[in-house]
Amino acid sequence: MAPDKSVSWAYSEDFLPSDDALLRAADRAAQLGVPAVSPGQGAVLRLVAAALRAGAVAEVGTGTGVSGLWLLRGMAPDGVLTTIDTEAEHQRAAKQTFADAGVRPTRVRTITGRALDVLPRLTDGGYDLVLLDGDPLEAAPTVEHALRLLRPGGVLALAHALHEDRVPDPARRDEVTTALREVARSLRDDDRVVPAMLPAGDGLLLAARV
């Protein structure tokens, strides 16, 4: 019988505690009904940004700034986060999160709009890390844009990649689950990247650009 991993998962999720700025951002997310990355996912994103010494990061799905703050804390001190969201209200909440944490305004560029309209305007190969946390039904075309934006060695991160444990369950065939499952399969078989699926939070799919 396989061991119960729930205790280890919970320990991993809480390994790095959230501070006041992150807790307030998570509260705003709950109030607005916006999914936010878990502390476990955030810790991984911070680590990846730090390992890359990321100076330029793009994020699809600003939310209330939870993931953005984790990323900024791992990036180079002068690194700039470009974050895209369709909802201006979400971005106002995120700006409050960054202000609470003492992040300089010059380190964040917010763009209000649909990812598939904004991403084509960003620089090819100009980013160290791209986080996708937007509309899962647009994940496939968004991934293609993200791969174009990444420099060699850059990392693509797809949040909520397990979709409440639905993606691993073949009996789950709703539209969102199917879309995420197909994206995961596509990246797994893509020669342009080196992928890994992590069980942090609701699933974090990472893929390094070759």
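**Figure 1. Arg-166 in the loop between strand E5 and helix H8.** In this predicted model, Arg-166 is found in the loop that runs between strand E5 (150–159) and helix H8 (175–188). The relative accessible area of Arg-166 is 25%, so the residue is partly exposed. Not counting residues up to four places away in sequence, Arg-166 touches Arg-172, Asp-174, Thr-177 and Arg-181. Val-176 stands 10 residues from Arg-166 along the chain, and the C-alpha atoms of these two residues are separated by 9.5 Å.

Figure 2. Most residues other than glycine have a negative phi. Arg-53, which is not a glycine, has a positive phi of about 50 degrees. Arg-53 lies in the loop between H3 and strand E1 (56–60), and its relative accessibility of 72% places it among the exposed residues, because exposed means over 50%. His-160 likewise has a positive phi, near 55 degrees, and is a residue other than glycine. His-160 is found in the loop between E5 and H8. The relative accessibility of His-160 is 15%, and the residue therefore counts as buried, the cut-off being under 20%.

Figure 3. Val-80 in E2 is the bridge partner of Ala-56.

**Figure 4. Packing of helix H3 with helix H4.** H3 and helix H4 (residues 66–74) pack at an angle of about 35 degrees, and their axes are 7 Å apart. Their crossing is right-handed. From H3, the contact is made by Pro-39, Gly-42, Ala-43, Leu-45, Arg-46, Ala-49 and Ala-50. From H4, Ser-67, Trp-70, Leu-71, Arg-73 and Gly-74 take part. Sorted by class, the contact of H3 with H4 has 7 nonpolar, 3 polar and 2 charged residues.

**Figure 5. Packing of helix H2 with helix H5.** The axes of H2 and helix H5 (residues 88–100) are 9 Å apart, and the two helices pack at an angle of about 165 degrees. H2 and H5 are therefore roughly antiparallel to each other, as angles over 145 degrees count as such. The crossing of H2 and H5 is right-handed. H2 contributes Ala-21, Arg-24, Ala-25, Arg-28 and Leu-32 to the contact, while H5 contributes Glu-89, His-90, Ala-93, Gln-96, Thr-97 and Asp-100. By class, this contact of H2 with H5 has 4 nonpolar, 3 polar and 4 charged residues.

**Figure 6. Ser-38 in the loop between helices H2 and H3.** Ser-38 lies in the loop that connects helix H2 (20–32) with helix H3 (39–52). With a relative accessibility of 15%, Ser-38 counts as buried. Ser-38 touches Glu-13 and Gly-201, not counting residues up to four places away in sequence.

How values were computed
Residues numbered from 1 in each chain as written. Predicted model: local features only at pLDDT ≥ 70, side-chain atom pairs only at ≥ 80, totals over all residues. Heavy atoms only, no water. Helix = DSSP H or I, 4+ residues; strand = E, 2+ residues; numbered from the N terminus. Buried < 20%, exposed > 50% of the residue type's maximum accessible area, 1.4 Å probe, protein only. Contact = heavy atoms within 4.5 Å. Axes fitted to C-alpha atoms, helices over the stretch in contact; angles between N-to-C directions. Left-handed = near helix turned anticlockwise from the far one by under 90°. Nonpolar A, V, L, I, M, F, W, Y, C, P; charged D, E, K, R; others polar. Parallel < 35°, antiparallel > 145°, perpendicular 65-115°, else oblique. Pairing = 2+ DSSP bridges.
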